[in-house]
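Try each task before you read its solution.

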Amino acid sequence: MIPEIGHFALILALIAALIQGVLPLAGTALGVRSWVNVARPAVFANSVFCLIAFGCLMWSFYVNDFSVVNVASNSNTLLPWFYRLSATWGSHEGSILLWTVLLAVWGLCVALFSKHLPQEVMARVIGVMGLISVGLTLFMLLTSDPFVRLFPAASEGRDLNPLLQDPGMVFHPPLLYMGYVGMVVPFAFAVAALIGGRLDAAWARWTRPWTSIAWIFLTLGIALGSWWAYYELGWGGWWFWDPVENASFMPWLTGTALLHSLAVTEKRGSFKIWTVLLALITFSLSLLGTFLVRSGVLTSVHAFATDPQRGLFILALLVCVIGGSLLLFAWRAPRVGTGGQFELFSREALLLVNNVLLVVAMGAVLLGTLYPLFIDALNAGKISVGPPYFDSVFGPIMVPVIFLMGIGPLVRWKDASVSDLGKRTLWCLIISAILGASVPLLWGWSTWVFIGLFLSFWVLTTFLESVRENIRNIRGNFFRKISSLSRAYWGMMVAHLGVAVFIVGVSMVMTYSLERDVTMTPGHEVSVGEYNFKFDKVETGIRGPNFIADKGFFTVTKGQKTIAELTPEKRKYFSSEMPMTESSIDSSITGDLYVSMGAQTADGAWIVRAYDKPYVTWIWWGCIIMSLGALLAMFDKRYRILRRKDADKYGAR
Amino acid sequence: MKLKYIVPLVLFLALVIFFVVGLGRDPREVPSPLIDKPAPEFALPRLDDPSKVVSKKDMLGQVWLMNVWSSWCGSCKYEHPNLVKIGKSGQKVLPIVGLNYKDTDGAAVRTLRTTGDPYDFSVKDPTGETGIEFGVYGVPETFVIDKKGVIRYKQIGPITDEVWEKTMYPLIKKLKAE
Amino acid sequence: MKKFLFLLCALISLSCFAQAPQSPGAAPDVKPTILDPVANKRVAEISSQLRCLVCQNQSIADSNAELAIDLKNQVVKQIAAGKTNEQIIDFMVERYGDFVLYNPPFKLSTLLLWVGPALFFVFALAALFWTLIKRKQQKAKPLTAEEKARAEALLKGTKSNTKKGAV
């Protein structure tokens, strides 16, 4: 019964989405007030029905209803309850349902927090989101129905992929999708601006918070996925340039460009057309990512069901949404107009360079990801584009971006002087070069480590220079001076420092990681750098809820001191043939000590992988700090004041 | 000046065309670089009589099939009837040599006995090294080798009726006439 | 203030100094596997450049698939036979094609792949500077009589027909 309710709710959601999509847009075009007012109730209905459908699927998982194909394929009576719930989004159908739900909920949020928007803007934004909802819901109902029944019902399910039975995997899809899907809001605002033929600082101010929130979720979602891969897959890798990872990274790159572009459009009225285009591109890349992952045109470790028929449908959706919006752009962009003027050397110009470079970086990733497809389609053979390519191409493009990131906050708007800047930052250059070189000189020279650390110290020292300059003229004690600087300023600085932290992590771990891959029996030791890993014992036959494990006990020492005790496991899940490895990690601020057990050899010894990964956690801490910075910037007092002003000026009648 | 705004749309549509073509392709299929190149040298013992070693030069002067199979291969069942039809117990189109890949003698012999032996004979490659020489990456795979010992075609996956009628049989007829 | 900054930076780099890793010591009773980067550096190096053909997207170094293991063993054999890294990789490419290379080859068909990003980089920045310079030149145009009158009216604070809310 419940699955049928869920299925029916999806149909109702489709109808609500149709109303949400068509009426408000038609209403603003034809001037029918009552149609425009339908926007809010329609999106509310859409969200409610989607949530009901989602709840029904989740319930089916919770009660082990194996008469539903999706539940039978992805769950099991022995599966712990929290994984039964997260299995709701563990499959293609379930994750499309998650997409649809989040799309509707984002629409609801826009409706709830739009009292300060002019009616037509709100109606167009919600209308556009409704049209996209129609596409997604139709896709689900026609090709990926999560409520398909199994007759006769199975007595036991196939179980959730053991790789997904992990806390990281529980939160990674929702977080990532909140970001991925959330980019629809700036997209809708951009389309609304193109339809209305008007774009001003107010528009940028409305769009910014939504973009920030989506960006924060996207950053955290990607970081969580990377961290999960690191501790779960057992090889110590944290980024593989896999097509699906690239599919989430590309909207992040253009989303970052969009955030900065919006700041300029809001403050200075410049970059209008470019900002609109970035908003369109970012969500288009989200949709493109969905296509790449589910159509089967690319091979990936993440790929869901590869069904060309589904692929064709998503492609049609892409053509309608992306093609439609780009057509609208080509037609209406000139009406939006250009903005304020600025000199060739000014903060605006530097931000524009930053934007362009981020788009170039995205282009490079896109080229590498799609190239095998291009070559195959042209019958020119079959090639693979793997991590070595991306590493060699991406780094060099990002170097100038990070360098400019340090300069940007120091440069004045509209018109700035290069010599002035040079004088102020000379000490930053020198200190960064010295400190950047110090580590590779002691640990083993690597040009890339030098560049990476130079850039990180550059960001730090230019930050200090910026603070020094800004508080120079403020009276009072140190705290007074610091708190007088706006939250937007501190948010920006914290986010940039997060990037610096991230770069330190990447540079150190990519060059100075140490690894041993050996066969051991209890009593053996292996040394990794200055650490000694001793294999104490193995306990076999430990029962988990749905697996049996062999647990290894290791003691890690440095000289005489015991640093850590690690307990990796080798698990055999009842439902799967493949044994799973659970690594054991000791994390500290200066790095990780990591052990995972491979297979057992014929003579009963164990294959053991032991790693020393210096500063690896700085990678994910960097991402968290970036997100905190963006969050801080959102709470700048300026917004509250201006929202009240907007509400008075435009507010809902 | 207005024309530049259409560039994003044009780029996107070009991308879509590639995707439409790409939907019809299999990104995991690896075409063989050995087509029209001489087959690698090999010297493998026969499955039925390990003291007899068969090498490449023994097969020169005729057009023949090398079919990679194993007892643990599931998809091999699909092409088995076609192999029987073509082989020594059927139409006798051309000699078929089985390459028993990464298998044990016992299991292999048992499989042939239960499902029937379509091969003129099989040779065994338990370590898979000869398979690597031939660029084998899965089972079943079939090579069409001509009189001079040159690989002329590689079938990845089971030999279906369609593949046989449209591609393999016409090629084999042509090679026989050379 | 500057003194404080110097101290801060010095403290940060000091923490890095304190933990410089040294090369691994000997552990005679432990048998390294073929992927051990210390004992079998070349196998690890070569394997990370070769793609596992039956996996979804992994190098043979990262995969435990049977074919991956067979190929790794083949690499070990060839190293023992004295082949160079290049020769071994060529061996694989001869039999499996360019698909097996994780680092795409540099040929005519991949020219766009290798040169593309750099070209895009240069082209994009050039286009940007060209646009900025052109815009500067455009703004040098003087105001028309109507625009001048409007500007004066605005400056005087009188009513004009500018759009509400526009910037």
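**Exercise 1.** Find where chain C is divided into domains, and say how far apart the domain centres lie.

*Solution.* Keep in mind throughout that this is a predicted model. Begin with the bounds: domain 1 of chain C covers 41-105, and domain 2 of chain C covers 106-140. Next, take the C-alpha centres of these two domains, which are 37 Å apart.

**Exercise 2.** Work out whether the radius of gyration of chain A agrees with that of a compact globule.

*Solution.* Start from the chain length, 653 residues, for which a compact globule would have a radius of gyration near 26 Å. Chain A has 27 Å, so the value agrees. Then look at the extents: along its principal axes, the C-alpha trace of chain A spans about 80 × 75 × 55 Å. Finally, tally the secondary structure of chain A, which gives 21 helices and 10 strands.

**Exercise 3.** Describe how helix α8 and helix α10 of chain A pack.

*Solution.* Two packed helices are described by the angle between their axes and the distance between the axes. Locate α8 of chain A at residues 167-182 and α10 of chain A at residues 201-232; their axes come within 7 Å and cross at roughly 150 degrees. Angles over 145 degrees count as roughly antiparallel, and α8(A) and α10(A) are therefore roughly antiparallel to each other. The handedness of this crossing of α8(A) and α10(A) is left-handed. To finish, sort the residues of the contact between α8(A) and α10(A): 16 are nonpolar, six polar and one charged.

How values were computed. Residues are numbered from 1 along each chain as its sequence is written. Chains are lettered from A and ligands numbered from 1 in the order in which they are written. This is a predicted model: local features need pLDDT of at least 70, side-chain atom pairs count only at pLDDT 80 or more; totals for chains, interfaces and linings use all residues. Axes are lines fitted to C-alpha atoms, for helices over the stretch in contact, and angles run from 0 to 180 degrees between N-to-C directions. Helices (H or I, at least four residues) and strands (E, at least two) are DSSP runs, numbered from the N terminus. Angles under 35 degrees count as roughly parallel, over 145 as roughly antiparallel, 65 to 115 as roughly perpendicular and the rest as oblique. A crossing is left-handed if the near helix is turned anticlockwise from the far one by less than a right angle, and right-handed if clockwise. Ala, Val, Leu, Ile, Met, Phe, Trp, Tyr, Cys and Pro count as nonpolar, Asp, Glu, Lys and Arg as charged, and the others, Gly among them, as polar. Domain bounds come from an automatic or database domain assignment. The radius of gyration is taken over C-alpha atoms; the globule rule is 2.2 Å times the number of residues to the power 0.38.
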